[in-house]
Amino acid sequence: MATPKGKISKARKHSRRSAHWKLSMPGIVKCPRCAKMKLSHRVCKFCGYYDGEQIVKVEEAAK
């Protein structure tokens, strides 16, 4: 029967097992200002607002 050659450290064992708990999908939420879907904790691509403040000036698309 095969036996391990050396002791596997706790850090190596835990880092190998840590990949099982990853999220399968990024956190997507609705923007409170324009109601479009965006990544959480990021500036909205469509309106340029984050946490109630305008961070990026976004030009309106031609109507």
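A compact globule of 63 residues would have a radius of gyration near 11 Å, whereas this protein has 22 Å. The model is predicted, with an average pLDDT of 87 for the protein. Its C-alpha trace spans about 75 × 20 × 20 Å along the principal axes. The protein has one helix and four strands.

**Overall form and surface**

- Of the 63 residues in the protein, 10% are buried.
- The protein exposes about 6,500 Å², and 56% of that area is supplied by carbon and sulfur atoms.
- Taking contacts between residues at least 6 apart in sequence, 0% join residues at least 24 apart.

**Order of elements and confidence**

- Read from the N terminus, the elements follow the order α-β-β-β-β.
- A pLDDT of at least 70 is reached by 94% of the residues.
- Helix 1, residues 10–17, has the lowest mean pLDDT among the elements, at 88.
- Strand 2 has the highest mean pLDDT among the elements, at 95.

- Cys-34 sits in the loop between strand 1 (28–30) and strand 2.
- Cys-34 counts as partly exposed because its relative accessibility is 27%, a value between the 20% limit for buried and the 50% limit for exposed.
- Leaving aside residues up to four places away in sequence, Cys-34 touches Cys-44, Phe-46 and Cys-47.
- Gly-48 is 14 residues from Cys-34 along the chain, and the C-alpha atoms of the two are separated by 9.7 Å.

**The loop between strand 2 and strand 3**

- His-41 lies in the loop between strand 2 and strand 3, and its phi is near 60°.
- That phi of His-41 is a positive value in a residue other than glycine.
- With a relative accessibility of 65%, His-41 counts as exposed, since exposed means over 50%.
- Val-43 also belongs to the loop between strand 2 (37–39) and strand 3 (49–50).
- Val-43 has 31% relative accessibility and therefore counts as partly exposed.

**A nonpolar surface patch**

- Val-43 is part of a nonpolar patch on the surface, together with Tyr-50, Ile-55, Val-56 and Val-58.
- The accessible area of these five residues comes to about 360 Å² together.
- The 31% relative accessibility of Val-43 meets the requirement for patch residues, which is over 30%.

**The loop between strand 3 and strand 4**

- Asp-51 is placed in the loop between strand 3 and strand 4 (53–54).
- The phi of Asp-51 is near 55°, again a positive value in a residue other than glycine.
- Asp-51 counts as exposed because its relative accessibility is 70%.

**The segment after strand 4**

- Lys-57 is found in the segment after strand 4.
- The relative accessible area of Lys-57 is 77%, so Lys-57 is exposed.
- Lys-57 and Lys-45 are 12 residues apart in sequence, and their C-alpha atoms are 9.9 Å apart in space.
- Glu-60 also lies in the segment after strand 4.
- Glu-60 is exposed because its relative accessible area is 68%.
- Between the C-alpha atoms of Glu-60 and Cys-47, which are 13 residues apart along the chain, the separation is 8.8 Å.
- Cys-47 is also one of the residues that Cys-34 touches.

Definitions and conventions
Residues numbered from 1 in each chain as written. Predicted model: local features only at pLDDT ≥ 70, side-chain atom pairs only at ≥ 80, totals over all residues. Heavy atoms only, no water. Patch = residues over 30% accessible without salt bridge, like charges linked within 9 Å, V, L, I, M, F, W, Y side chains within 5 Å. Areas by Shrake-Rupley, 256 points an atom, 1.4 Å probe, with all protein chains shown as cover. Salt bridge = Lys/Arg side-chain N within 4 Å of Asp/Glu carboxyl O. Helix = DSSP H or I, 4+ residues; strand = E, 2+ residues; numbered from the N terminus. Buried < 20%, exposed > 50% of the residue type's maximum accessible area, 1.4 Å probe, protein only. Rg over C-alpha atoms; globule rule 2.2 N^0.38 Å. Contact = heavy atoms within 4.5 Å. pLDDT = per-residue confidence, 0-100.
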